[in-house]
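Subject: A structure for you to look at

Hi there,

Here is the structure I promised to pass on. Please open it next to this email, and then read on for what turned up.

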Amino acid sequence: MNVFDLIILNFEEVRRRSIKVWKAIPQQMLNWKPDENALTCAEMIRHILEGEYLYHQILIGRGSQALSNLTNPFETREFATVDDELAFAQPYREEFLRYINTISLFDLENAVIDRSDVGYRRTQGDMLLRIAYHESVHTGQLLDYMRTMGIDRPLIWD
């Protein structure tokens with residue numbers, strides 16, 4: 001197994017666990033949020049899926065400037081169901097995972113992604129790890145939402 005296989009495996013395992021959490025939230029609870037300043041469950045799921053698409057564009061363009069003239073396919077969509085959202089995001093997900101396999105080892109370690117507009121510049125490899133971490137953090141938040149709502153949480157440590 002090479003470094004790219006491990007990166008892909010990490011993304012697949014993070015998403016597999018996220019989907020277990022997302023699908024365990026009852027449809028009628030997707031608009032729940034713990035307070036007025038928080039995202040709803042549906043908004044958080046959308047944020048994760050949309051975020052991966054946007055991060056992919058940032059990686060391709062080597063920085064945040066890649067978003068300046070971007071048409072975001074998620075922007076005008078209404079959230080209906082988790083399954084619908086996953087089906088819509090799947091082609092973008094597949095494109096993102098294919099992109100990872102086009103990165104050279106040199107670029108993984110040396111290509112700089114400029115996000116100085118939000119306070120950092122990181123290598124492409126660092127950014128890939130951050131993208132998976134972003135999803136993991138929000139999935140953890142959703143587990144906490146579920147605890148607060150009093151609904152059963154799925155076992156994600158299988």
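Let's start with one residue. Arg17 is buried, with a relative accessible area of 19%; buried means under 20% relative accessible area, exposed means over 50%, and partly exposed is in between, using a 1.4 Å probe and protein chains only. Arg17 also forms a salt bridge with Asp158, and their closest N and O atoms are 3.9 Å apart. A salt bridge here is a side-chain nitrogen of Lys or Arg within 4 Å of a carboxyl oxygen of Asp or Glu. Arg17 lies in helix H1 and Asp158 in the segment after H5, so this pair ties together parts that are 141 residues apart in sequence.

Before we go further, a word on where the values come from. This is a predicted model, in which local features need pLDDT of at least 70 and side-chain atom pairs count only at pLDDT 80 or more, while totals for chains, interfaces and linings use all residues. Residues are numbered from 1 along each chain as its sequence is written, and side-chain values use heavy atoms, with hydrogens and water left out.

Now for the overall picture. The chain has five helices and two strands, and from the N terminus on, the order of the elements is α-α-α-α-β-β-α. Helices (H or I, at least four residues) and strands (E, at least two) are DSSP runs, numbered from the N terminus. Of the 158 residues of the chain, 42% count as buried. The C-alpha atoms fill a box of roughly 50 × 35 × 30 Å, taken along the principal axes.

H3 covers residues 82-100, and at 1.5 Å a residue its 19 residues should span 27 Å; the end C-alpha atoms are 25 Å apart, which agrees. (The expected span is 1.5 Å times one less than the number of residues.) Where does H3 have a kink? Look at Gln90, shortly before the proline Pro91, for a kink of about 40°. That bend is the angle between axes fitted to the seven residues ending there and the seven starting there.

Several residues of H3 are buried, including Val82, Leu86, Phe96 and Ile100. Which helices do the buried residues of H3 pack against? They pack against helix H1 (3-24), helix H2 (41-61) and helix H5 (124-149), where a contact means heavy atoms within 4.5 Å.

Back to charges. Side chains of opposite charge can pair when their charged atoms come close. A search of the whole structure finds 16 salt bridges. In one of them, Asp83 pairs with Lys23, with the closest N and O atoms 3.0 Å apart. This pair links distant parts of the chain, since Asp83 is in helix H3 and Lys23 in helix H1, 60 residues apart. Asp83 is partly exposed at 47% relative accessibility, and Lys23 is partly exposed with a relative accessible area of 48%.

Another salt bridge joins Arg130 and Asp126, whose closest N and O atoms are 2.6 Å apart. Both residues lie in helix H5, four residues apart, about one turn of the helix. Arg130 counts as partly exposed at 30%, as does Asp126 at 28%. Finally, salt bridges that share partners join Glu13, Arg16, Arg17, Lys20 and Asp158 into one network.

Enjoy exploring!

Best wishes

Notes:
The expected span of a helix is 1.5 Å times one less than its number of residues.
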